[in-house]
Every structure is written in structure tokens, then in C-alpha cells.
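Please keep the sequence and the model in view while reading.

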Amino acid sequence: MQPVESTQSLVAFVDHITTVLTIEDLRVISKALFDIGLPVGWPLSEQPGFCTAGIRLGNLNLELCAVDRQQNPLDDWLTFEPTNLESLERELVARGIAHDPFDAVVIQGNPIYTRVGLPELSVGKTAFQLCHTFYPTRTSGPIAPKNSAGIQTVTEVIVGMDAAHQQTLHHLLVPKIWTESIDFPEGPSLVVLPAEHLEIKRLEVRAENACTALKTLTAAGMSRIDEHMVQVGSLKLAVRDA
């Protein structure tokens, strides 16, 4: 598969990152994160088979969700905002990138989002996808408002992938220059490291005081991993001083 000539990347920026929890943990941790003053990307919504809450970390939404494990085996996924939804299907076909049917969600006549899965960037417990949100979820940024954790922004989303997955991602991003760290007009950079399989390694988060932030996030229900890192679901967050 060869990338076609194009003047525009299919990816505008990294919009949100998702990690799966139990419904009990989802309720407790999302409430705790909202209570410490992190903005609501979207409030907790509980629907049959899928429950979700979006927490705004300055320039990136962290989605905590609970799913029906008989329907969804994923532990985490990364969502890109497409540059142009109208031309997206045509561009995917032209670039030879397989895609799932477009999933357009409309509630009471109002479009909420249109999502498209990418089978070539989905393996095991991790997936990447494209999704245009009509509902306003980017409620702050690029710096978070004052919050008890002192969280300011996400500088990097760090992922790992093998050569085949790197090739597919490269074709999505053409004509962007392929480098280890890929910048976008908004949101965090995407750092792509060599790995044996597709995986989301961690978020790099900046805070006024990393020690305070780590203690606050742990009190909110995240698990402390080491002196710099907490984990929620399968997702690790490395927190460092701004």
C-alpha cells in the first residue's frame, strides 16, 4: 500500500483517550475528578452496555467508560478528530486504509458524533479510531482552569507500534512529516515508539506541583505506580512539574 499524494492530513489532532473501568469505579473516579475542579468534557452518562464520562485535562479529554465485555473487548483506545468529515471516506479509500461503517449518533434530531473504526489500527485490547464530535466537548484549554490537583495540560500521548501499524498511521497523517514526535495545531503531541504490538504507553501530564497532583489523583481513585506515575484502568499518567 502506497500513500497517495494529498495536501491534507486526515488527522486534525488527538481528541481524547479512553480507558475501561468497572461501572462502580467509573462512578466514583469521575465524580472525584470533577469534584477537584477538572472541567467536564461531558457528564457521566449511563446507557445499556456503555457508560462514559469525559474529564478535560486542559487540552485533552480523558474518557472513563464501562462497557459490556461480551460486546467490547478493548481496554483502551485513542481517538483522532478528522480534518474533514465530508471527505474522510473518500480519502480513506484513496489511501487504501480499511475502515468500518461510519457510525453517526443522533439524539432527538441533534447530531452528537460520527465515529469510524480502523481495523488496521485495532488489535487485541487497543484501538485507534477517528471521530468527529458535534457536541461541544473541548470545554477548556490549552491550560486547565484552577483545580485541586494543579493539573495544567497534557504534553504528549505516547504510543508503541510495530512497523505495519506505523505504516498505516503514516498513511493517515500524510503529508505530515513522519517523526517520532508528531505535533498538531492543538492538543498534545503524539509520540510513536517502536514496539512489538499496538499499545498506548502513557500520557505525559504537566502540573503546578507533580507531588501534589499525584497525591490528589491517588485520592480520587487512581492507583499509584511509582514516584512519577498513576494508573486508571489500563492507562498510565506520568505527572511532572510544569
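A residue is called exposed when its relative accessible area is over 50%, buried when it is under 20%, and partly exposed in between. By this rule Lys146 is exposed, because its relative accessible area is 70%. The model under discussion is a predicted one.

The description may begin with the sheet. Strands of a sheet pair through backbone hydrogen bonds, in either a parallel or an antiparallel sense. Here eight strands form an open sheet with mixed pairing, and their order is 2-3-4-1-5-8-7-6. Strand 2 (40-47) and strand 6 (103-107) are the edge strands, each of which pairs on one side only. On average, neighbouring strands of this sheet are turned by 25° against each other, direction being ignored.

Side chains of opposite charge can pair when their charged atoms come close. The structure holds 11 salt bridges. One of them joins the side chains of Lys146 and Glu208, with an N to O distance of 3.8 Å. This pair links distant parts of the chain: Lys146 belongs to the loop between strand 8 and strand 9 (151-161), and Glu208 to the loop between strand 12 (199-207) and helix 4 (210-219), 62 residues apart. Whereas Lys146 is exposed, Glu208 is partly exposed at 47% relative accessibility.

Lys201 and Glu199 form one in which the closest N and O atoms are 3.2 Å apart. Lys201 is partly exposed at 27%, as is Glu199 at 22%. Glu204 forms another with Arg202, at 2.9 Å between the closest N and O atoms. In this pair Glu204 is buried, with 3% relative accessibility, while Arg202 is partly exposed at 25%. Both residues belong to a network of salt bridges that links Arg202, Glu204, Arg206 and Arg240.

The structure holds one aromatic pair. Phe80 and Phe128 form this pair in an edge-to-face arrangement, 5.9 Å from centre to centre and with 80° between the planes. Because Phe80 lies in strand 5 and Phe128 in strand 8, the pair ties together parts that are 48 residues apart in sequence. Both Phe80 and Phe128 are buried.

The largest nonpolar core has 61 residues, of which Leu33, Leu78, Leu172 and Leu203 touch the most other members. Apart from its neighbours within four places in sequence, Leu172 is in contact with Ser9, Leu10, Val11, Leu92, Arg95, Ile97, Leu118, Leu121 and Leu130. A second, separate core consists of six residues, among them Cys65, Val67, Leu74 and Trp77.

Notes:
Residues numbered from 1 in each chain as written. Heavy atoms only, no water. Pairing = 2+ DSSP bridges. Helix = DSSP H or I, 4+ residues; strand = E, 2+ residues; numbered from the N terminus. Axes fitted to C-alpha atoms, helices over the stretch in contact; angles between N-to-C directions. Salt bridge = Lys/Arg side-chain N within 4 Å of Asp/Glu carboxyl O. Buried < 20%, exposed > 50% of the residue type's maximum accessible area, 1.4 Å probe, protein only. Phe/Tyr/Trp six-rings, centres within 6.5 Å; stacked < 30°, edge-to-face > 60°. Core = buried A, V, L, I, M, F, W, Y, C linked by side-chain atoms within 4.5 Å. Contact = heavy atoms within 4.5 Å.
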